[in-house]
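Welcome, and thanks for taking a look at this fold with me.

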Amino acid sequence: METEISIEPFISGKIRARLIWSIRVRAIQSAFLVAAVVLLSAIQGFAHHGAAGYDTTKLVTIKGVITDFHFGNPHVEISLDVKKDDGSVENWQGELNSPNILARAAGWNRNTLKPRDEVILVGYRSKNGLKVLRLEKVSLSDGTELFPKGGNGVERY
């Protein structure tokens, strides 16, 4: 007498279908999550470190009074009020390198600039119309250059 071996699956049909569906959903969710993280990381890195957001064909010079000086990561930021010809005041923002680069290359620290200091900023303006400059040079009103790009090795970022 021959014995038959049952090939019936150990898991019933309904449970197997749910398990397969669950595995597929989790695989799709995992793939989507990985793709989103990779995409967002790439966008953040490009936006944060790229010059694509600035019009690098034309340097803009503004003169104003500092309202805030942030010597911190990821970039040093200078906020200033710029008086227009009609007497109105615009708030501008200037962005430099990291504090580490400025400290090593130009000797900057958190006391280099203070609110109410008058400065001249030269840089590339943001393409989106915001009053933001990617700074190439920072000078005091007397002409003293604090950040002469190209004059003290700062261009080696």
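## Starting at Leu133

Leu133 sits in strand S5; strands here are DSSP runs of E with at least two residues, helices are runs of H or I with at least four, and both are numbered from the N terminus. The model is a predicted one: local features need pLDDT of at least 70, side-chain atom pairs count only at pLDDT 80 or more, and totals for chains, interfaces and linings use all residues. Residues are numbered from 1 along each chain as its sequence is written, and side-chain values use heavy atoms, with hydrogens and water left out.

Is Leu133 buried or exposed? With a relative accessible area of 0%, Leu133 is buried (buried means under 20% relative accessible area, exposed over 50%, and partly exposed in between, with a 1.4 Å probe and protein chains only). Not counting residues up to four places away in sequence, Leu133 touches Tyr54, Val60, Ile62, Trp92, Gln93, Gly94, Glu95, Leu121, Gly123, Tyr124 and Arg125, where contact means heavy atoms within 4.5 Å. Between Leu133 and Gly94 there are 39 residues of sequence separation, yet their C-alpha atoms are 4.8 Å apart.

## The overall layout

The protein has two helices and six strands, and from the N terminus on the elements run α-β-β-β-α-β-β-β. Of its 157 residues, 26% count as buried. Among contacts between residues at least 6 apart in sequence, 52% join residues at least 24 apart.

The accessible surface of the protein comes to about 11,200 Å², and 56% of that belongs to carbon and sulfur atoms. These areas come from the Shrake-Rupley method with a 1.4 Å probe, and for residues only the protein chains shown count as cover.

## How the strands pair

Two strands pair if DSSP finds at least two bridges between them. Strands S3 and S5 run parallel and are joined by three bridges; here Gly94 has Leu133 in S5 as its bridge partner.

S2 and S3 run antiparallel, with seven bridges joining them. Asp81 stands opposite Asn91 in S3. The hairpin of S2 and S3 has five residues between the strands, and Gly87 in this hairpin takes a positive phi near 95°.

## The nonpolar core

In soluble globular proteins, nonpolar side chains tend to be buried together. A nonpolar core is a set of buried Ala, Val, Leu, Ile, Met, Phe, Trp, Tyr and Cys residues joined through side-chain atoms within 4.5 Å. Which members of the largest core touch the most other members? Of its 21 residues, they are Ile78, Leu96, Trp108, Leu113, Leu121 and Val138. The elements that give two or more residues to this core are S1 (54–70), S2 (77–83), S4 (118–126), S5 (132–140) and S6 (145–148). The largest share, four residues, comes from S1.

Leu96 is found in the loop between S3 (89–95) and H2, and is buried at 5% relative accessible area. Beyond its neighbours within four places in sequence, Leu96 is in contact with His75, Val76, Ile78, Leu102, Trp108, Leu135, Val138 and Phe147.

## Helix H2

The buried residues of H2 (residues 99–106) are Pro99, Ile101 and Leu102. They cover an arc of only 160° around the axis, which puts them on the same side of H2; the arc is that of the directions from the helix axis to the C-beta atoms. Just after H2, Gly107 takes a positive phi of about 75°.

## Salt bridges

How many salt bridges does a search of the whole structure find? It finds three, a salt bridge being a side-chain nitrogen of Lys or Arg within 4 Å of a carboxyl oxygen of Asp or Glu. In one of them, the side chains of Lys63 and Glu118 meet at 3.4 Å, N to O. Lys63 lies in S1 and Glu118 in S4, so the pair ties together parts that are 55 residues apart in sequence. Lys63 is partly exposed at 45% relative accessible area, and Glu118 is partly exposed at 35%.

Glu90 and Lys84 form a salt bridge at 3.6 Å, N to O, and Lys84 is partly exposed at 35% relative accessibility. Glu145 and Lys137 meet at 3.1 Å, N to O. Glu145 is partly exposed at 38%, and Lys137 counts as partly exposed at 29%.
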